[in-house]
Amino acid sequence: MTERKRFEFVKPKVGKVVEKDPESIFRELQIPNVKGLWSQQADILREYYNNFNAKQDIAIELPTGTGKTLIALLIAEYRRRCKQEQVLYLCPTRQLASQVYAKAKEYGLPASLLIGSQSSYPDDEYGDYVTNKAIAITTYSAVYNTNPKLNDAHTIIFDDAHSAENYISSLWTTEIKRKENREVFESIIKLFRDDINDYHYNRIMNDDNEFYKPIYDLIPYPRYLEKLPQLIELIEANIADCGNAKYAWSMINEHLEACQMFFSWGEINIRPLISPTQTHSAFSKAKHRIYMSATLGDGGELERITGVSKINKIPIPKGWDKYSNGRRLILFPNRVFNQDESIQVALKAIRNQGRALVLCPDNRAAQLFKSKVEKFLPKFTILQSSDIEDSLDAFISKKKAVLILTNRYDGIDLSGDICRLQIVFGMPEATNLQEAFMWNRLNANSVLNELVKTRITQALGRCTRSSDDFANVLMIDSNLMKFCAKVENRIGFHPEIQAEVEFGLENSEKIETVDEMVDFMNDFITDEEYYGSINDAITEIREEYEKKPKPEVKKLVLSVENEVDFVYALWKKELNRALEKVKSVIENLSGGRELDGYRAWWNYLAGNVAYLAKSALPIDSNLDKQYYSTALRSTNAVSWLSDLVHHIPADKDVPKVDPYLSMQVENIDEVLSGLGLQGQKFEKNMKQFLELINNNDANKFEQGLALLGQYLGFDIEKPSGDGTPDGIWSLRNRYLGFEAKTEENEKDPIYIEACRQASGHKKWILENCNATEDSNIDVCLISYKSKIRKDALPHSRELYHINCESLHELAIKTASVLRNIRAVLVKSDGFDLFTKEHISNTLSSEKLTYRDIEEYMKSICLDELDVVN
């Protein structure tokens, strides 16, 4: 019998831990392809080691492509080796985690790649992490889940920290999606039927998903609280069938008083204002947390994203504050072209350059762009985020490919010839319903402007990854162009981006045709001498710029610590402390019209806490009413307040905001953004508009009629088919329908058939436009005529007549008023609430409010015309 060989055990070496700074560790590694640290890398590592390595939360800012990954990995290895800590390195996606893991191996650093299902982590890789033999590289979702296996890290490094918001907040956001759980979604909407305005409710319940104007709304807190028992019953009975929603529900279901309910056409979100990350032990137990980002922002947004009240920041090293990697030719097609022509620029550029990255803010924009590529570039492969989850090979391996990503402004590295064309398609103002509500309904843009600047900065670093890299960038969206065109927004960008944006705006205006813009882009990437001239021009003007945060941003920084503390106090039901913190927030936000929207929001939140607390604490029973009333008095330019006033306790003298006028003003603001606050596009469009409205050809006149309605702030529709109105103008549940007879002889009377057609439009609108029986529906017949046949009178009752000449006069006045509004906005600082208030005041003074327009259209009843046999 063969003698069994015994296991040859080893005696563990008890090594003395030697303290070494990250720079020394780098020198020991002797990385073949990295001869030495760049100056900015060395500066940051020294600053970190000397002044920050004992602090809990540290943010490090470096422009894209300047060596963030090496810095982060050296700090990770320092913590593992010298502090004997377990270290997690978090990335937004599996593909990025794999990329960082490959870098760690290239640098000779011990690393474990732990991605995918927690139960499938390789035993040896996981073992190396828990025994402190390797840095664990994984994704945000590995920590932000209800039962994380990686729950004991001493140090956590957050790569691309600003792109983490939705990965973090998803753990505390219960999402009920219409597409996946329609019955539950509609049951919740019906539960709050009386608390949702009719306009939104009817659109949601009538499958109005094609409507061009999105819905973003919030259930008023007193109504939410009142119906919380029924809401809990409804969700508890169905949550098991709602996919991943059950995990977030388990995190918030005992803290629902600290949450709000946002909704859109396709989704319901129940969530706290800021993610209470300190209640999640996998995050809170870490004694050292490092947030890496290409831009940290200036308004406290990183603290709001991470749920940390104070983060220490290591700034960009001196000398690098004006440096950015690579050169971008940023162009704004909407400066001179309409939206269809702007998309044509993008499609022709894609055809020329072969591969393109398209970044969209939401699925609606992504689907629109995808449909355009499918139609006009059928030979191109279209890829989406699921196709590059683990690797970029699916994109890189094809010569004709378009990668369309939704809400991904960081974490995609497409250097060199991999991709020379990037398209930002849509304004990146919102990545979730809460942000969309605050931007679109609340005008709390001061805080969101900082996030938008961060996302634009992140987006611009996707295709330029080194100092000699270069790429074309198309910014396609009128609101995106408006944002970048405003000087007060531009000065918050890195100087390099300011110079590139200024160069792009100036040159976009001078381009006359789609092909000229496409050729300009092509020359930039194919003609070395031409590229050099453009690069020199941008570099020269860059020296004139410096980054200057707006004054109100300082108040947002002062406010953020109390904002975060408020959320935790409310989460823990410490209502006295919550009331103290919310009072401090409002005090920090005091003064300055720029913060009106955000200040109104915090007065509303203060009212919520007071409403919740008055039955539990000995406080003034009118405190909630006082806060709510202050919110309602803050501005007449916040459309949401027009609905809120009906659902909360408020003083009797609180001015009522007209919801129809608010919507009209918002629509005109959109129109002016689309027409451009600078350049010749506005006047070109006015000229075309007046030519159309003065043309008696039915088709051209109806185009002019639609533009008139649009420019006056109405939602417009031009139905196709027989017997349909020749145009419909609407605001919420108010409708104006039109029957146009511009081609008929003015000497003839109005005949019975024309009256029958016009009379039928009321019924058509009622049945086809989500109108209800209590909707206000009026119909006008447009012609040059002044007489009506007697036999037509019975069919003319409750119809109105407007002469074409009167419409021509209205069109001229509309163009003039828009021109005057635009002139004031160009000269002003142009913050959003001022814009809307100025538009509202101008409409009132010029008698162009929706009520004035309705009165103008209805000034002559059809049956009051001269009657002839």
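**Ground rules.** The model is predicted: local features need pLDDT of at least 70, side-chain atom pairs count only at pLDDT 80 or more, and totals for chains, interfaces and linings use all residues. Residues are numbered from 1 along each chain as its sequence is written, and side-chain values use heavy atoms, with hydrogens and water left out.

**Stop 1: the domains.** Colour by domain. Domain 1 takes two segments, 22-169 and 279-314. Domain 2 covers 176-276, domain 3 327-544, domain 4 551-651 and domain 5 665-867. These bounds come from an automatic or database domain assignment.

**Stop 2: domain 2 against domain 4.** Select 176-276 and 551-651. Their C-alpha centres are 23 Å apart. Domain 2 gives 25 residues to the contact and domain 4 gives 22; contact means heavy atoms within 4.5 Å. The buried area between domain 2 and domain 4 is about 2,000 Å², with 69% from carbon and sulfur atoms. Buried area is the accessible area (1.4 Å probe) that two parts lose on being put together, summed over both.

Now show the polar pairs. Between domain 2 and domain 4 there are 4 residue pairs in polar contact, both residues at pLDDT 80 or more. A polar contact is a pair of N or O atoms within 3.5 Å; within protein, one must be able to donate a hydrogen and the other to accept it, and residues adjacent in sequence count only if both atoms are side-chain atoms.

Stay on the domain 2 side. The elements giving two or more residues to it are β7 (217-218), α9 (221-226), α11 (245-252) and β8 (259-263). Helices (H or I, at least four residues) and strands (E, at least two) are DSSP runs, numbered from the N terminus. Helix α9 supplies the largest share, 4 residues.

**Stop 3: R79.** Go to helix α3 (residues 68-82) and pick R79. Is R79 buried or exposed? It counts as buried, at 4% relative accessibility. The scale: buried is under 20% relative accessible area, exposed over 50%, partly exposed in between (1.4 Å probe, protein chains only). Leaving out residues up to four places away in sequence, R79 touches Y48, N53, Q84, E85, V87, T155 and H288.

**Stop 4: two positive phi values.** Most residues other than glycine have a negative phi. Q30, in the loop between α1 (22-29) and α2 (39-52), has a positive phi of about 50 degrees. Q30 is exposed, at 67% relative accessible area. Next select N132, in the loop between α5 (123-130) and β4 (135-139). Its phi is positive too, near 65 degrees. N132 is buried, at 14%.
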